[in-house]
Amino acid sequence: MTLRVGIVGATGYTALEVARLLLAHPEAELVAATSRAEDGKSIAEIHPSLAGRCDVPIETLDPAELAKKCDVVMCCLPHGASAETCKQLIDHNVRVIDFSADFRLSSQATYEKWYGVDHPWPERIGKTVYGLPEFYAEQIRDADLVANPGCYPTSAILPLAPLIAKQLIEANDIIVDSKSGVSGAGRSAKVGTLYCEVNESIAAYGVGSHRHQPEMADLVHRIGGQEISLVFTPHLTPMDRGILSTIYVRPRGGNAKQVMECWREQYADCPFVTPVDHLPATKHVAGTNHVQLTARDAGDRIVLVCAIDNLTKGASGAAIQNMNVMFGLPQTAGL
Ligand SMILES: NC(=O)C1=CN([C@@H]2O[C@H](COP(=O)(O)OP(=O)(O)OC[C@H]3O[C@@H](n4cnc5c(N)ncnc54)[C@H](OP(=O)(O)O)[C@@H]3O)[C@@H](O)[C@H]2O)C=CC1
Ligand SMILES: CC(=O)N[C@@H](CCC(=O)OP(=O)(O)O)C(=O)O
């Protein structure tokens, strides 16, 4: 039976990426899409790259109606707005993959400190599986709600967590330096993402204050079993899509070769995580759900380099991978 998929927040970039990936999925199809603003149009009118390939109408969200039509809903809303909608959908017995940060952290206090708002559904914090099938496939399989990971955190947790678990690196001296394409900021108009602001320029932002830092620390702790302390600096770069994270760590007696061996063992059965000998670039993974990572010795540090596509493994590809796990399909279906 074909899986029936719905999208909430259909006008955004991650929604377009979900729709694009579903076109190639052998066992799932997009059956419904909602938006606050574009009710009455078709999804291809909003996203012209879908013209002639997908004509699902966009409707105003009615959680009960959407739940009837779908086996799973991709909730592609901003944090804050998302939690309430996820709750309404789950109350109507449909499974949900939440793209926002609302259920990723394990503590309500950490969420409220870094996001600056009261959490609309605090009972689910710490009780919602983090959607990284590389570590949580079993819990994802039975979940009613999956917290799809953040894009930058994906590019840091996958390299770091196994190294912390195996105690190959110091836990209190980690620097994550990341560059993102502009689609990471979403599709709504903002001065910071105007062409003249980002073209031929690169800039750091959120230095010391970006909300993905606690997500990285929380998850590496949960997976690796050890508290870590890290500095995270994101940069906006003049690309459409892609994230490159360069991570500076201190070895505990080991070297880059042992790091590569640790990853090869950890990710041997993970179809989307590939330790590579070359230095990965965003172009090597663009438009795919693949993660490439490598390690180099550099003075008294080891430098880890990880490339992902923010819209695919960083968001919508990860969501399809999670959906596949939830419904007993191969992780790679449609990807
Ligand atoms: N872009 C990326 O690379 C990544 C994004 N994410 C997360 O995925 C989610 C979607 O991101 P993305 O598609 O980029 O975002 P966009 O800004 O492109 O789209 C989000 C959509 O949500 C709807 N929306 C916006 N504000 C509200 C609100 N207050 N209440 C209800 N609906 C609202 C809008 O649709 P409409 O106005 O039509 O209702 C909008 O098109 C976000 O939580 C984001 O943080 C996660 C990882 C990576
Ligand atoms: C380039 C850019 O602006 N990136 C976004 C992060 C991407 C994202 O959507 O993260 P969440 O899912 O956690 O919201 C940012 O820095 O806020």
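Which helix gives the most to the shell around ligand 1? The tour reaches that helix at its second stop.

**Before selecting anything**

This is a predicted model, in which local features need pLDDT of at least 70, side-chain atom pairs count only at pLDDT 80 or more, and totals for chains, interfaces and linings use all residues. Residues are numbered from 1 along each chain as its sequence is written, while chains are lettered from A and ligands numbered from 1 in the order in which they are written.

**Stop 1: the two domains**

Colour residues 3–127 as domain 1 and residues 151–310 as domain 2; the bounds come from an automatic or database domain assignment. Their C-alpha centres lie 26 Å apart. Domain 1 puts 10 residues into the contact and domain 2 puts in eight residues, where contact means that the C-beta atoms of two residues, placed from the backbone, lie within 7 Å. On the side of domain 1 that touches domain 2, select helix α5 (residues 108–115), which gives the most, with three residues. Helices here are DSSP runs (H or I, at least four residues), numbered from the N terminus. That side of domain 1 has five nonpolar, four polar and one charged residues. In this scheme Ala, Val, Leu, Ile, Met, Phe, Trp, Tyr, Cys and Pro count as nonpolar, Asp, Glu, Lys and Arg as charged, and the others, Gly among them, as polar.

**Stop 2: ligand 1**

Select ligand 1 and the 29 residues around it; G9, G12, S35, G186 and R187 come nearest. A residue is near a molecule if its C-beta atom, placed from the backbone, lies within 6 Å of it. Both domain 1 and domain 2 give residues to this shell, so ligand 1 lies between them. α1 (13–23), α4 (81–91) and α11 (312–326) each supply at least two residues. The opening question is settled here: α1 gives the most, with three residues. By class, the shell of ligand 1 divides into 11 nonpolar, 15 polar and three charged residues.

**Stop 3: ligand 2**

Move to ligand 2 and show H79, S100, A101, G150, C151, S180, G184, A185, P234 and L236, the residues around it. At least three residues of this shell come from each of domain 1 and domain 2. Five are nonpolar, five are polar and none is charged.

**Stop 4: α7 and α9**

Select helix α7 (residues 151–165) with helix α9 (residues 212–224): they pack at an angle of about 30°, with their axes 9 Å apart. That makes α7 roughly parallel to α9. Axes are lines fitted to C-alpha atoms, for helices over the stretch in contact, and angles run from 0 to 180 degrees between N-to-C directions. Angles under 35 degrees count as roughly parallel, over 145 as roughly antiparallel, 65 to 115 as roughly perpendicular and the rest as oblique. Show the side chains of Y152, P153, A156, I157, L160, A161, I164 and A165 in α7, which meet H212, E215, M216, L219, V220, I223 and G224 in α9. This contact has 12 nonpolar, two polar and one charged residues.

**Stop 5: α6 and α11**

Finish with helix α6 (residues 133–141), whose axis comes within 8 Å of that of α11 and crosses it at roughly 45°. The two helices are therefore oblique to each other. P133, A137, I140 and R141 in α6 meet Q321, N322, V325 and M326 in α11. Here the classes are five nonpolar, two polar and one charged.
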